[in-house]
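User: Please give me a close look at a single part of this predicted model. Then connect it to other places in the chain, in one running answer.
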Amino acid sequence: MRYRAVISYYGENYVGWQKQLNGLSVQEVMEKALTSVFGKETECTASGRTDAGVHAEGQVIHFDAETSIPTDKIPFAVNTCLPDDVAMLYCEETDADFNARFAAKRKTYCYKIYISQHRRPMMEKTHEHIVVPLDLNAIKEAASYIEGEHDFKCFEASGSSIKNTVRTVYGIDIKTTPLPGVLSLKGETASGNPDGNMVFDSELTISVTGNGFLYNMVRIIAGTLVYVGLHKLTPEDVKNILDSGDRTKAGKTLAAKGLHLISVIY
């Protein structure tokens with residue numbers, strides 16, 4: 001029987017999803033748990049690789065197993081064999097030819113940033129920290145140029161062997177939420193938007209939905225949008241960067257810790 005499951009993991013302690021010789025991977029941990037539960041060596045395939053330090057809230061995997069455990073109880077059994085930073089959230093039977101990687105139609109990644117003058121300990125390990133205000137309207141305008149089908153070579157890190165760099169970004173959703181716990185001496189909540197469109201004391205999330213992503217693509221998109229928010233680039237610069245295909249003109253690759261795989265659609 002083939003199963004499809006949704007899993008979640010905190011990526012700091014892993015070299016990424018895929019098994020590697022240089023450290024512990026999420027795939028290795030998950031396969032060890034599946035093998036323990038089913039009493040037979042069990043491999044699993046994910047919708048795609050996540051890099052070292054990247055988190056997943058809705059990664060999808062498939063695996064084959066013969067078991068008397070009711071399908072809805074499989075996550076309970078598997079989770080007893082997993083460390084605290086990895087969990088199976090849902091499991092269902094699926095077609096014998098289902099492939100979590102090749103059947104995926106679109107994915108959503110979210111890059112999380114918090115904008116604050118001071119470090120926020122509860123967010124440090126899952127967000128990028130920006131210490132100065134960002135121009136939200138400029139970020140949204142720049143994001144609109146990235147949506148659609150483009151050659152995204154300018155948003156690909158070096159080291160990739162992929163030849164076709166054309167992808168479709170279906171949408172980029174930019175949201176801000178005021179950070180809790182920022183109070184003035186008068187006991188009033190401090191503004192997250194002290195100067196018009198300049199956002200501060202806020203969480204900024206950049207959710208990118210596409211049919212596929214190049215190596216570090218979302219982290220570079222996020223870094224480029226931050227540069228726009230800092231007025232190091234203009235929104236029109238982003239359009240020109242896409243047209244040029246020149247990686248050196250785009251923003252920096254932001255840290256892996258801020259990247260979260262949110263969902264996979266089939």
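Analyst: Asparagine 216 sits in the loop between S11 and helix H4 (217–229). Helices (H or I, at least four residues) and strands (E, at least two) are DSSP runs, numbered from the N terminus. This is a predicted model, in which local features need pLDDT of at least 70, side-chain atom pairs count only at pLDDT 80 or more, and totals for chains, interfaces and linings use all residues. Residues are numbered from 1 along each chain as its sequence is written, and side-chain values use heavy atoms, with hydrogens and water left out.

Asparagine 216 has a phi near 65°, a positive value in a residue other than glycine. Most residues other than glycine have a negative phi. Asparagine 216 counts as buried because its relative accessible area is 12%. Buried means under 20% relative accessible area, exposed over 50%, partly exposed in between (1.4 Å probe, protein chains only).

Aspartate 201 also has a positive phi, about 50°, although it is not a glycine. Its place is the loop between strand S10 (198–199) and strand S11 (202–210). With a relative accessible area of 12%, aspartate 201 is buried.

Serine 116 touches this aspartate. Its contacts include Asp201 and Phe200, along with His129, Ile130, Val131 and Leu179, leaving aside neighbours within four places in sequence. Contact means heavy atoms within 4.5 Å. Serine 116 belongs to the loop between S5 and strand S6 (128–130). Its relative accessible area is 4%, so it is buried.

Now to strand S5 itself. Tyrosine 114 lies there. Its relative accessible area is 0%, so tyrosine 114 is buried. The side chain of tyrosine 114 reaches the backbone nitrogen of arginine 120 at 2.9 Å. Residues touching tyrosine 114 include Arg119, Arg120, Met123 and Glu124. Also among them are His127, Glu128, His129, Ile130, Leu179, Ser202 and Glu203. That list again leaves out residues up to four places away in sequence. Glycine 48 lies elsewhere: tyrosine 114 and glycine 48 are 66 residues apart in sequence and 27 Å apart in space, C-alpha to C-alpha.

Lysine 112 is placed in strand S5 (residues 106–115) too. Its relative accessibility is 16%, so lysine 112 counts as buried. The side chain of lysine 112 makes a polar contact with the side chain of glutamate 57, at 3.2 Å. A polar contact is a pair of N or O atoms within 3.5 Å; within protein, one must be able to donate a hydrogen and the other to accept it, and residues adjacent in sequence count only if both atoms are side-chain atoms. Not counting residues up to four places away in sequence, lysine 112 touches Glu57, Thr126, His127, Glu128, Glu203, Leu204, Thr205, Gly258 and His260.

Now the whole chain. It has five helices and 12 strands. Buried residues make up 49% of its 266 residues. Of its contacts between residues at least 6 apart in sequence, 74% join residues at least 24 apart. Along its principal axes, the C-alpha trace spans about 60 × 50 × 30 Å.
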